[in-house]
Amino acid sequence: MKLIDTHTHLPGTLFGESPRPVEDIHRQFEAEGIHQAWFFTTDGLIRDTARNNDILAQAVRGRTDMFVPFCTVDPHTGADAAIRELERCARTLSMRGLKLHPWLQAFSLTHLSVVPILKRAGELGLPVLFHDGSPPYSTPLQIAWAAEQAPGTQIVLGHAGLDDLTDEAIRACVRNPNVWMTLCGPSCGAIDEIVRRAPPERLLFGTDGGGFFQNLTAWYVAKIRACVSSRRLLEMIFHENAERLLEVAREGAREK
Ligand SMILES: [Zn+2]
């Protein structure tokens with residue numbers, strides 16, 4: 001079955017990972033049966049945002065059949081500067097989404113630059129994937145609040161509430177038609193709950209892979225297959241919903 005991993009990272013150095021040549025990651029993903037990986041920086045979530053956007057864009061050059069690069073911006077620079085970087089990434093670096101990590105980047109969803117950034121991302125056709133599941137700044141309902149202020153932007157909960165905040169993640173998706181979630185982190189019990197209550201057309205597959213752990217893809221695929229019996233729903237989770245999400249985001253763009 002076709003597999004789209006909507007949550008992967010280029011390893012950096014700031015978390016003790018080993019930097020890996022992107023061709024290794026590409027080969028590994030292919031061998032694991034991944035057809036497309038949405039690909040984010042790691043180090044850029046801590047420092048040197050623009051430089052790490054450049055590094056990621058350079059890494060995927062000539063490999064965009066596999067990698068869908070997401071940029072990041074730092075809300076603390078203020079809305080104008082963050083939006084300038086977002087526009088540079090979309091127009092000059094051909095990046096196709098935005099990753100935000102309120103926990104690592106240490107910003108509240110109520111920071112005054114967050115909603116303008118989200119709105120501009122939607123206008124540029126970029127979906128926004130958030131780290132979620134970690135209080136105090138990354139709870140699903142905090143992200144849902146921001147998603148309500150930017151209804152034309154497609155927002156992804158990158159961890160579906162992890163395990164402790166599954167209920168919030170489900171409520172966020174049910175409440176907001178522009179909120180999706182990646183089943184990256186929740187236990188089988190939580191995934192079971194998500195499958196029973198959340199909109200099936202907005203569930204995505206993802207691993208947080210790329211460098212942190214070995215054999216993640218096989219493990220996550222087995223886990224989802226163990227939790228989801230419907231073949232139709234597996235097709236939606238493994239690739240169809242991710243494909244549609246990129247289309248919906250592109251169609252929502254009001255400016256190229
Ligand atoms: Zn991540």
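Select helix H3 first: its buried residues pack against helix H2 (49–60), strand S3 (67–71), strand S4 (97–100) and helix H4 (114–123). Here "buried" means that 20 or more other C-beta atoms lie within 10 Å of the residue's own, "exposed" means 12 or fewer, and partly exposed is in between, with C-beta atoms placed from the backbone. Helices (H or I, at least four residues) and strands (E, at least two) are DSSP runs, numbered from the N terminus. Packing rests on contacts, in which two C-beta atoms, placed from the backbone, lie within 7 Å.

Before you go on, remember that this is a predicted model, where local features need pLDDT of at least 70, side-chain atom pairs count only at pLDDT 80 or more, and totals for chains, interfaces and linings use all residues. Residues are numbered from 1 along each chain as its sequence is written.

Stop 1: Which residues of H3 are buried? They are Ala 82, Ile 83, Leu 86, Cys 89 and Ala 90.

Stop 2: Show the strands next. An open sheet of 8 strands runs in the order S1-S2-S3-S4-S5-S6-S7-S8, with parallel pairing; strands pair if DSSP finds at least two bridges between them. Strand S1 (4–9) and strand S8 (203–204) stand at the edges with a single partner strand each, so one side of each has no neighbour in the sheet. Zoom in on S4 and strand S5 (residues 128–130), a parallel pair with 3 bridges. Leu 98 stands opposite Val 128 in S5.

**Stop 3: the core.** Select Phe 39, Leu 86, Val 128, Met 181 and Leu 183, which touch the most other members of the 73-residue largest nonpolar core. Such a core is a set of buried Ala, Val, Leu, Ile, Met, Phe, Trp, Tyr and Cys residues joined through C-beta atoms within 7 Å. Helix H9 (residues 231–251) supplies its largest share, 7 residues. Now centre on Met 181: beyond its neighbours within four places in sequence, its contacts include Val 156, Ala 169 and Cys 173.

**Stop 4: helix H6.** Ala 169 and Cys 173 are among the buried residues of helix H6 (residues 166–175). The buried residues of H6 pack against helix H5 (140–149), strand S6 (155–157), strand S7 (179–182) and helix H7 (188–197).
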